[in-house]
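Me: I would like to go through this structure with you step by step. Could we begin with the way the chains are put together?

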Protein chains: 2
Amino acid sequence: MRNLTQDNITQAVLARLADTPDPRLKEVVTSLVQHLHAFARDVKLTEQEWFQGIEFLTRVGHITDDKRQEFILLSDTLGLSMLTVAMNNDKPAGCTESTVFGPFYVEDAPHFDLGEDVANGAPGIPCLVRGTVRGLGGEPVPGAEIHVWQADAEGKYDVQRTGGDGHRARGVLHASGKGEYHFRSILAEAYPIPDDGPVGDMLKATKRHPWRPAHLHFMIKAPGYETLITHVFRNGDAYLDSDAVFGVRQSLVADWVKQPDGTYLVEYDFVVNPAGAGA
Amino acid sequence: MRNLTQDNITQAVLARLADTPDPRLKEVVTSLVQHLHAFARDVKLTEQEWFQGIEFLTRVGHITDDKRQEFILLSDTLGLSMLTVAMNNDKPAGCTESTVFGPFYVEDAPHFDLGEDVANGAPGIPCLVRGTVRGLGGEPVPGAEIHVWQADAEGKYDVQRTGGDGHRARGVLHASGKGEYHFRSILAEAYPIPDDGPVGDMLKATKRHPWRPAHLHFMIKAPGYETLITHVFRNGDAYLDSDAVFGVRQSLVADWVKQPDGTYLVEYDFVVNPAGAGA
């Protein structure tokens, strides 16, 4: 196998993958090579552009650490994340829709009791969040594990702040025996995704804004149900129709109602899909 | 733009790129998004696989530093590098063929006079390398700048060794007024590409060997000529037909002849393409 040309190199690479033991890995890598090569061929990628691509990915890798995930941000802004979510969450009507996971979840968020304030000092207007977690049949899901995380009034997640203030505006709660939940936090605000790195450079070079409409992140887990990863978006936000990461579902938009004392209330009921139920 | 589905999200992402000022960037990013999405759709990428991809790229980024370029290694092993080289180096017959740049070039290699030993203590059997640099019309290219780099007898480039022995088995020379060059180095040996990182894991998972046939890297620059990036491969090497990075050209294979004193001699004449000559 010498003297490969632009016309036969793809087949040569695929032949080299022929002995891959895992059939799914073989399928995925084979398709990846075909599409990667087709991309390079379609645009007739120059050597300089190839090197710019290497440098771009290197920057993405080097800015990524345990608090910043620029590869997820890249996938999000190219629509790959939402495409993957859409392909894998074709749930029965009535289930709460999924959206992107995003780059800001952390594994070890603190646990809270129902009614507590997850803000933990994060700046923002106080807000009460409440609702129920039910299964598709309408049954309550007692004790459902509810992970919530959000940006503060300045548009920053705790992990974006240096100085070690610890976990703020994120936590884990458990629904009541009736599947009900309520907790205090702060009002969600629109914010720009981190745009001081290579993904930000890509957005600027393509004249795209970096804003996401205001939202709360939720991940809900319960035995016997599929894990739900979603947001609740704030109705009226200017960026609902131009989310930088393409994640908005109309069914996830809720009213955040201003109360007489200046605080806010948002109510949202989640419906989770029984495990193995399919679409 | 809400409620995007797997069927319309690609168009929505492309629409978001519509205002990209640079037409070439627009073309490249548009094609990239189309192929990236087509890949995800073709294999119906799962969310777990998506996350494995994020983790893989993160590892590639984190192992990459100023001495190790795992993204280039990834591109090389997926055949993307050689495809790019093939598309961009369709030179006139008679010109020396190009091959992959590889991840081991460094910018600040030491300069040597003709006849000197670039090995600088790198372990290996002594070898004399000589030949000429000529233009396509047969004219010598006086003073052509010759960058050479290679692995040592243990299959390691200097930058792969810790401990700071500095530059070994690499250097920059200038051809004579007649376009002739000669320098001493060490015998090139087959070696495995670095396989202790994520690219190595990919090779193992696909049952591919990591070996490259023995070769010397060359980059030749001269005013009025296209820069030539290539290798000279060692005839008889067991890996000439299964190079892990798909880089072998038959025209680049040379005999490394053992001399009576146990050292080796390899002779190779380069022919560079006048700038702007095209194919």
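Me: Do the copies meet through the same surface or through different ones, and what share of the interface residues of chain A are also interface residues in chain B?
Reply: This is a predicted model. In it, 100% of the interface residues of chain A are also interface residues in chain B, so the two copies meet through the same surface.

Me: What rotation superposes chain A on chain B?
Reply: A rotation of 180° does so, with 0.0 Å of shift along its axis and an RMSD of 0.0 Å. That is the relation of a two-fold axis.

Me: Which residue of chain A comes closest to the rotation axis?
Reply: That residue is G61(A), whose C-alpha is at 1.9 Å from the axis.

Me: Back to the interface: how many residues are in contact?
Reply: On one side there are 66 residues of chain A, and they are in contact with 67 residues of chain B.

Me: Which elements of chain A give two or more residues to that side?
Reply: They are helix 1 (9-16), helix 2 (23-42), helix 3 (47-63), helix 4 (70-77) and helix 5 (80-88) of chain A. Helix 2 of chain A supplies the largest share, 14 residues.

Me: And how does the side of chain A that touches chain B divide by class?
Reply: It has 34 nonpolar, 20 polar and 12 charged residues.

Me: Let us look at helix 2 of chain A and helix 5 of chain B. At what angle do they pack?
Reply: The angle is about 20°, and their axes are 10 Å apart. The two helices are therefore roughly parallel to each other, and their crossing is right-handed.

Me: Which residues meet there?
Reply: From helix 2 of chain A, L36(A), H37(A) and A40(A) meet L80(B), L83(B) and T84(B) of helix 5 of chain B. Four of the residues in this contact are nonpolar, two are polar and none is charged.

Me: Now within chain A: how do the axes of helix 1 and helix 2 cross?
Reply: In chain A, the axes of helix 1 and helix 2 come within 10 Å and cross at roughly 165°. That makes helix 1 of chain A roughly antiparallel to helix 2 of chain A.

Me: Which residues make the contact?
Reply: Helix 1 of chain A contributes T10(A), V13(A) and L14(A), while helix 2 of chain A contributes T30(A), V33(A), Q34(A) and H37(A). By class, this contact has three nonpolar, four polar and no charged residues.

Me: Last topic: what domains does the assignment give for chain A?
Reply: It gives domain 1 (1-45) and domain 2 (71-272). The C-alpha centres of these domains of chain A lie 39 Å apart.

Conventions. Residues are numbered from 1 along each chain as its sequence is written. Chains are lettered from A and ligands numbered from 1 in the order in which they are written. This is a predicted model: local features need pLDDT of at least 70, side-chain atom pairs count only at pLDDT 80 or more; totals for chains, interfaces and linings use all residues. Domain bounds come from an automatic or database domain assignment. Copies are superposed by least squares on the C-alpha atoms of residues with pLDDT of at least 70 in both. Two residues are in contact if their C-beta atoms, placed from the backbone, lie within 7 Å. Helices (H or I, at least four residues) and strands (E, at least two) are DSSP runs, numbered from the N terminus. Ala, Val, Leu, Ile, Met, Phe, Trp, Tyr, Cys and Pro count as nonpolar, Asp, Glu, Lys and Arg as charged, and the others, Gly among them, as polar. Axes are lines fitted to C-alpha atoms, for helices over the stretch in contact, and angles run from 0 to 180 degrees between N-to-C directions. Angles under 35 degrees count as roughly parallel, over 145 as roughly antiparallel, 65 to 115 as roughly perpendicular and the rest as oblique. A crossing is left-handed if the near helix is turned anticlockwise from the far one by less than a right angle, and right-handed if clockwise.
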